[in-house]
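Please open the structure in your viewer and keep the sequence panel beside it. The stops below say what to select next and what is there.

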Amino acid sequence: MSASSHVIAAAAWVCLLAPLAAVLAIALGGNRLSRRAAGYLATGSTAVSFVAAVTALVATLGHTAGDRSRVTTAFGLIETRAFRINLALLADPLALVMMLVVSGVGSLIIAYSIGYMKGEDEERRYFAYIAFFVFSMLLLVEAANFFVLLAGWGLVGLSSYLLIGFWQERPSAIAAAKKAFIINAVGDAAMALALFLLIQHTHTLDFGGVFAQAGVLGQNSWLINLVAAGLLVGALAKSAQIPLHTWLPDAMEGPTPVSALI
């Protein structure tokens with residue numbers, strides 16, 4: 001692996017893990033961490049993610065157009081005789097663009113939240129939740145296989161639930177959070193069923209392995225349609241498309257920066 005490839009791999013992991021580190025620091029710091037410090041920590045972590053994404057982008061541009069995709073693996077998650085699932089990240093042009101969007105926009109929104117949330121009793125909890133949301137989104141866009149994609153997909157739904165229901169004393173906020181969670185869970189379940197079909201028929205969840213067998217999948221029209229339908233339902237639920245759109249207007253029950261981020 002070339003030096004630039006090592007830079008891309010390291011930057012991808014830094015981009016992903018920086019917000020998670022902020023979540024852990026805020027949670028472990030507790031009341032010893034001031035409310036404003038929690039905001040600065042969350043903002044700084046997403047800014048670090050943005051810098052890492054820019055670094056990965058610049059390193060990627062040094063490669064030819066056909067050599068701008070890098071997969072970096074941390075360790076194996078599930079291994080059987082038939083298949084193996086790794087905790088792996090993908091840094092290609094599409095993933096890099098989304099990393100820049102998530103971390104760049106996220107850092108601006110969280111920075112705005114420092115002033116917006118001033119005086120709230122649970123500022124620390126808010127900044128931990130919103131940093132967790134950014135981490136979940138980055139896991140989603142950097143996933144190198146469908147399993148990690150599903151994990152990021154589910155964590156985005158969980159963090160959305162936590163943020164929408166942030167004001168726990170409001171019954172309307174709790175109801176909105178529950179609605180968002182249930183509808184997103186429907187999408188997650190549909191996607192999970194599609195992945196079970198992929199495992200059964202392709203014995204892999206790696207993007208490259210699945211796409212390489214697209215012709216085999218296409219020979220069974222019912223199979224390819226079911227897989228596509230499962231992935232589509234997951235996307236419809238998470239992006240609030242008709243008919244799974246009703247949770248999004250209710251998401252306004254959360255703090256305004258949360259609505260902007262979602």
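**First stop: L138 and the cores**

Begin by selecting L138, which, once its neighbours within four places in sequence are set aside, is in contact with C15, L16, P19, S49, M99 and V102, where contact means heavy atoms within 4.5 Å. Before going further, note that this is a predicted model, in which local features need pLDDT of at least 70 and side-chain atom pairs count only at pLDDT 80 or more, while totals for chains, interfaces and linings use all residues. Residues are numbered from 1 along each chain as its sequence is written, and side-chain values use heavy atoms, with hydrogens and water left out.

Next, select Y126, F127, I130, L138 and F146, the residues with the most contacts inside the largest nonpolar core, which has 69 residues. Such a core is a set of buried Ala, Val, Leu, Ile, Met, Phe, Trp, Tyr and Cys residues joined through side-chain atoms within 4.5 Å; buried means under 20% relative accessible area, exposed over 50%, and partly exposed in between, with a 1.4 Å probe and protein chains only. Helix α4 (residues 123–142) gives the most to this core, with 15 residues; helices (H or I, at least four residues) and strands (E, at least two) are DSSP runs, numbered from the N terminus. Apart from this core lies another, of 10 residues, including I164, A180, A240 and W247.

**Second stop: α2 beside α4**

Now show α2 together with α4, whose axes come within 8 Å and cross at roughly 10°. That makes α2 roughly parallel to α4, since angles under 35 degrees count as roughly parallel, over 145 as roughly antiparallel, 65 to 115 as roughly perpendicular and the rest as oblique. The axes are lines fitted to C-alpha atoms, for helices over the stretch in contact, and the angles run from 0 to 180 degrees between N-to-C directions. To see the contact, colour R35, A38, G39, A42, T46 and S49 in α2, which meet E123, R124, F127, A131, V134 and L138 in α4.

While helix α2 (residues 35–61) is on display, find V58 within it. Is V58 buried or exposed? V58 is exposed, because its relative accessible area is 56%.

Move on to helix α5 (residues 146–164) and helix α6 (residues 171–202), which pack at an angle of about 175° with their axes 8 Å apart. The two helices, α5 and α6, are therefore roughly antiparallel to each other. Among the residues that make the contact are F146, W153 and Y161 of α5 and F181, M191 and L198 of α6.

Within helix α5, select S159, which counts as buried because its relative accessibility is 1%. Leaving aside neighbours within four places in sequence, S159 is in contact with F132, F133 and S136.

**Last stop: the strand pair**

Finally, select strand β1 (residues 70–79) and strand β2 (residues 84–91), which run antiparallel and are joined by 8 bridges; two strands pair if DSSP finds at least two bridges between them. A hairpin of 4 residues joins β1 to β2. Follow the pairing through G76, whose bridge partner in β2 is N86, and through V71, whose bridge partner in β2 is L90. Strand β2 is mostly covered, with 7 of its 8 residues buried.
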